[in-house]
Amino acid sequence: MRSYIKSFLSTLLLTLANPLTILSFVAVFSALSTRGLNYDNAITMVVGVFLGSAIWWLLLAGGVSVIRHKINAHIMQKINQGAGALLLTFGIWQLSSVIF
C-alpha cells in the first residue's frame, strides 16, 4: 500500500511541476470564471479535472502493467528508437519553423 501512495504522490508532483499543465489549468479556470462560475461549479470542475487525471493515469499504468511482460529487450529497443526518431523529427521541425 505504501508503494501505491508513493507512486501516486510522485505522479501528482510531477504533473504539478509541469509548467504547461499549470498554465493550461490557469487558462481554463480564468476563462470559465469570466462566465460567472459560482462556487459549486468551481468545485465540480476541480473534482472533474482530478478524477479525469486520475482515471487517465490509472488506465495508462494498468495498460502498461498488462503488456509489460510481453515486451522483451529487442521490442523495447525498437520502441525507444521509434520514440527517439519521433522526438528528433519534431525537434527538427520546430527548429526549421523558427529559422525559416
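Analyst: A polar contact is a pair of N or O atoms within 3.5 Å; within protein, one must be able to donate a hydrogen and the other to accept it, and residues adjacent in sequence count only if both atoms are side-chain atoms. This is a predicted model, in which local features need pLDDT of at least 70, side-chain atom pairs count only at pLDDT 80 or more, and totals for chains, interfaces and linings use all residues. Residues are numbered from 1 along each chain as its sequence is written, and side-chain values use heavy atoms, with hydrogens and water left out.

User: What makes N72 a cap of α4?

Analyst: A side-chain oxygen of N72 lies 3.2 Å from the backbone nitrogen of H74, which is within the limit of 3.5 Å. N72 therefore caps the N-terminal end of α4.

User: How many helices and strands does the chain have?

Analyst: The chain has four helices and zero strands, where helices (H or I, at least four residues) and strands (E, at least two) are DSSP runs numbered from the N terminus. The order of elements is accordingly α-α-α-α.

User: Why is the pair of F8 and F50 called edge-to-face?

Analyst: Two aromatic pairs are found in the whole structure. Rings of Phe, Tyr and Trp (its six-membered ring) pair if their centres lie within 6.5 Å; planes under 30 degrees apart are stacked, over 60 edge-to-face and the rest tilted. The centres of F8 and F50 are 6.4 Å apart and their planes stand at 80 degrees, so the pair is edge-to-face. It links helix α1 (residues 2-16), which holds F8, with helix α3 (residues 39-67), which holds F50, 42 residues apart.

User: Why is the pair of F90 and W93 called tilted?

Analyst: The ring centres of F90 and W93 are 6.3 Å apart and the planes stand at 55 degrees, so this pair is tilted. Both residues lie in helix α4 (residues 73-99), three residues apart, about one turn of the helix.

User: Is F90 buried or partly exposed, and is W93 buried or exposed?

Analyst: Buried means under 20% relative accessible area, exposed over 50%, and partly exposed in between (1.4 Å probe, protein chains only). F90, at 45%, is therefore partly exposed, whereas W93, at 54%, counts as exposed. F8, at 42%, is partly exposed, as is F50, at 44%.

User: Why does M45 count as buried?

Analyst: M45, in helix α3, has a relative accessibility of 16%, so it counts as buried. Leaving out residues up to four places away in sequence, M45 touches V28, F29 and L32, contact meaning heavy atoms within 4.5 Å. Of the 100 residues of the chain, 2% count as buried.
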